[in-house]
Every structure is written in C-alpha cells, then in structure tokens.
Amino acid sequence: MKHVVVSLSGGMDSSTLLLRCLKEYDTVTAISFDYGQKHRVELERAQSLVDYLCYKYDINYRIIKLDGLTDLLNSALVTGGDEVPEGHYAEENMKATVVPNRNKIFASIIQAVALSIAEKTGEQCDIALGIHAGDHAIYPDCRQEFRDADDAAFRIGNWGSEKVGYFTPYLEGDKFTILQDGEVLCEELNLNFDEVYSRTNTSYKPIYIAGVDGNDNSTFGKWYSDYKSASSVERVEAFIKLGRKDPAGYADETGVVTWEHVVNEVTKVLENHEG
C-alpha cells in the first residue's frame with residue numbers, strides 16, 4: 001500500500017496536488033490549517049472540494065486549528081495584519097505576505113502524521129507538498145534548501161523517520177504547469193474541471209458580495225476572488241496561458257466582474273512587469 005499526507009490549503013496548487021495523489025497513492029490523508037488567515041474562505045473551498053471528491057474517492061480530511069497564533073504573528077495575511085499588497089510577486093512589497101515560519105509549523109504537524117501512519121501500517125508514507133518555483137523568490141520556506149534542512153531535522157529527531165518520504169511533483173514548475181497537470185488529472189480521474197477549480201481559492205483578498213434571493217428575498221452572499229493581489233494575478237495568468245476561463249468568480253470594489261475584465265486588467269499588470 002502507498003500512503004500519503006497532503007498539505008491542502010484550498011488553493012489551486014495544493015488542490016491539484018490532491019488530485020495527483022489520488023492518482024498515485026492508495027490512501028490519502030489531507031490536512032488544512034486554520035491560522036487566522038484573512039482568506040479563510042480557502043478552508044471552506046477545501047472542504048467543498050473534499051466533499052465533491054469523496055463521492056468517488058476516499059480522503060481522510062482534517063482541519064487543524066492554529067488560530068490561537070493569530071494575534072502573535074506579524075503578517076499581512078493574518079487577521080489584524082496590514083493591508084495585503086497588490087501587484088506582481090516580483091515587487092519588494094510582496095514580502096509582507098510572508099507568514100513567519102508558516103511552512104515549518106505546517107511541516108512539523110504533517111511529518112508527525114505521516115510518521116504515525118508509517119508506524120501503524122508498517123509501510124512507507126509520503127508527505128505531499130504543492131511548492132513550486134514561482135514561490136521561491138518571495139517565500140524562502142518554499143525553497144529546496146529549506147526543505148532539505150527541515151527534513152534533516154525531522155530525521156535526526158525521530159525514530160523510524162526513514163519510513164517517511166516526500167512527493168513534490170511541482171517543485172521545478174509554476175502555476176501554469178500545475179494547472180496543465182490538473183487538466184490532465186481531471187480527465188484521468190473522470191472529474192469535471194470546472195467543478196474542481198471552482199472549489200479552490202487562490203485570492204489573498206477575497207471579496208464578499210451580498211445579494212437577495214429571488215425566491216424568498218432572504219439575504220445571501222458569496223465569496224469572490226480579487227484579481228489585484230499577487231496570488232490572484234499568478235492564477236489568472238495560468239488560466240490565460242491554458243486558454244480556459246477560470247470557473248472561480250471575480251469581483252472588485254464595484255461588484256462582480258466578467259472574466260474578460262479580469263483578463264484585461266491582469267494583462268496590464270503583466271505587461272507593466274515585463275516592461
């Protein structure tokens with residue numbers, strides 16, 4: 001039996017990784033973390049995706065609450081932090097989106113779970129991470145040298161750690177290559193591409209739009225992605241390259257916007273960056 005523990009944020013990268021793991025492994029455990037992130041809607045999307053996939057595939061899914069850390073962390077991504085910057089990831093101000101030691105905190109828990117599965121089953125268990133080259137410049141805890149050092153500490157500190165391996169299929173790729181793999185995986189796993197990716201959130205500045213239900217006039221609302229934060233720009237760029245419309249809805253301060261509007265605005269950002 002091949003076992004894996006997936007770090008599932010609810011974003012496009014880790015959600016695609018989850019599909020890859022369903023293809024490659026016999027048992028899949030997925031773990032998400034609530035650390036007080038402003039874009040907490042990603043946890044709702046992760047749960048929604050797992051619910052969708054569980055009609056066909058078995059996934060042991062858990063959300064680990066770390067929200068007691070929120071007011072102790074200095075980052076624009078957590079509740080109470082500074083405003084999330086907008087623009088391209090190459091800009092210096094994007095370092096404000098770093099959450100101190102985030103991946104080390106997550107990794108420690110995922111390593112503990114993977115080692116526990118390996119010990120219980122007597123079989124190897126891998127850790128699956130959706131890290132990719134597009135994150136390397138801004139997020140040092142996504143770089144291979146960090147992963148190597150973290151892995152060394154894990155192996156020094158635990159008996160039986162040789163039973164735990166790593167699965168990082170996108171380490172040298174980017175969001176476009178990840179999305180390409182997602183398209184292939186949806187075909188291979190007999191899943192609807194739009195159903196999968198509408199259940200993901202990449203936006204660091206999601207926008208809540210309230211409305212009125214025409215049936216009973218009750219108030220309702222929905223979370224939409226922004227298209228100005230760097231994470232969203234990177235996602236939209238991937239969909240543009242793939243030649244597909246992003247099934248996730250988008251909005252700005254004026255309300256819900258069309259995909260064509262999103263493409264036009266993001267294209268301007270990309271052109272300015274290239275210039």
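## Helix 5 and its surroundings

Helix 1 and helix 5 cross in a left-handed way, meaning that the near helix is turned anticlockwise from the far one by less than a right angle, with clockwise giving right-handed. Helices here are DSSP runs of H or I with at least four residues, strands are runs of E with at least two, and both are numbered from the N terminus. This is a predicted model, where local features need pLDDT of at least 70 and side-chain atom pairs count only at pLDDT 80 or more, while totals for chains, interfaces and linings use all residues. Residues are numbered from 1 along each chain as its sequence is written, and side-chain values use heavy atoms, with hydrogens and water left out.

### Helix 5 against helix 1

Two packed helices are described by the angle between their axes and the distance between the axes. For helix 1 and helix 5, the angle is about 40° and the axes are 9 Å apart. The axes are lines fitted to C-alpha atoms over the stretch in contact, and angles run from 0 to 180 degrees between N-to-C directions. Helix 1 and helix 5 are therefore oblique to each other, given that under 35 degrees is roughly parallel, over 145 roughly antiparallel, 65 to 115 roughly perpendicular and the rest oblique.

Which residues meet here? From helix 1 come Met12, Asp13, Thr16, Leu19, Arg20 and Lys23, and from helix 5 come Lys175, Ile178, Leu179, Asp181, Gly182, Leu185, Cys186 and Glu188. Contact means heavy atoms within 4.5 Å. Sorted by class, this set has six nonpolar, two polar and six charged residues; Ala, Val, Leu, Ile, Met, Phe, Trp, Tyr, Cys and Pro count as nonpolar, Asp, Glu, Lys and Arg as charged, and the others, Gly among them, as polar.

Take a look at Asp181, which sits in helix 5, residues 175-188. Once residues up to four places away in sequence are set aside, Asp181 touches Thr16, Arg20 and Tyr170.

### Helix 5 against helix 7

Helix 5 also packs on helix 7 (residues 230-242), at an angle of about 55° and with 9 Å between the axes. Helix 5 and helix 7 are therefore oblique to each other, and helix 5 passes helix 7 in a right-handed crossing. On the helix 5 side, the contact uses Lys175, Phe176, Leu179, Gln180 and Glu183. They meet Ser231, Glu234, Arg235, Ala238, Phe239, Lys241 and Leu242 in helix 7. That contact is made up of five nonpolar, two polar and five charged residues.

### Buried or exposed?

Here's how a handful of residues come out. Buried means under 20% relative accessible area, exposed over 50%, and partly exposed in between (1.4 Å probe, protein chains only).

| Residue | Relative accessible area | Class |
|---|---|---|
| Asp181 | 15% | buried |
| Gly10 | 0% | buried |
| Cys21 | 0% | buried |
| Cys186 | 3% | buried |
| Ala133 | 31% | partly exposed |
| Tyr208 | 46% | partly exposed |
| Asn190 | 57% | exposed |

### The cysteines

How many disulfides are there? A disulfide is a pair of cysteine sulfur atoms within 2.5 Å, and by this rule the count comes to zero. The closest cysteine sulfur to that of Cys21 belongs to Cys125 and is 10.0 Å away, too far for a bond. Cys186 is in no disulfide either, as its nearest cysteine sulfur, that of Cys21, is 14 Å away.

### Some loops, and a strand

Gly10 lies in the loop between strand 1 (3-7) and helix 1 (12-24). Beyond its neighbours up to four places away in sequence, Gly10 touches Ser15, Glu42, Arg45, Ala46, Arg199, Thr200 and Asn201. Tyr61 is 51 residues from Gly10 along the chain, and their C-alpha atoms are separated by 12 Å.

Ala133 sits in the loop between strand 4 (125-128) and helix 4 (144-156). Leaving out residues within four places in sequence, Ala133 is in contact with Tyr170, Leu171, Glu172 and Gly173. Between Ala133 and Leu171, 38 residues apart in sequence, the C-alpha to C-alpha distance is 5.8 Å.

Over in strand 6 (residues 207-212) you'll find Tyr208. The C-alpha atoms of Tyr208 and Ala251 are 8.6 Å apart, with 43 residues of separation in sequence.

Now for two asparagines in loops. Asn101, in the loop between strand 3 (60-65) and helix 3 (102-121), has phi near 60°, a positive value in a residue other than glycine. Asn190 also has a positive phi, near 60°, and is placed in the loop between helix 5 and helix 6 (193-197).
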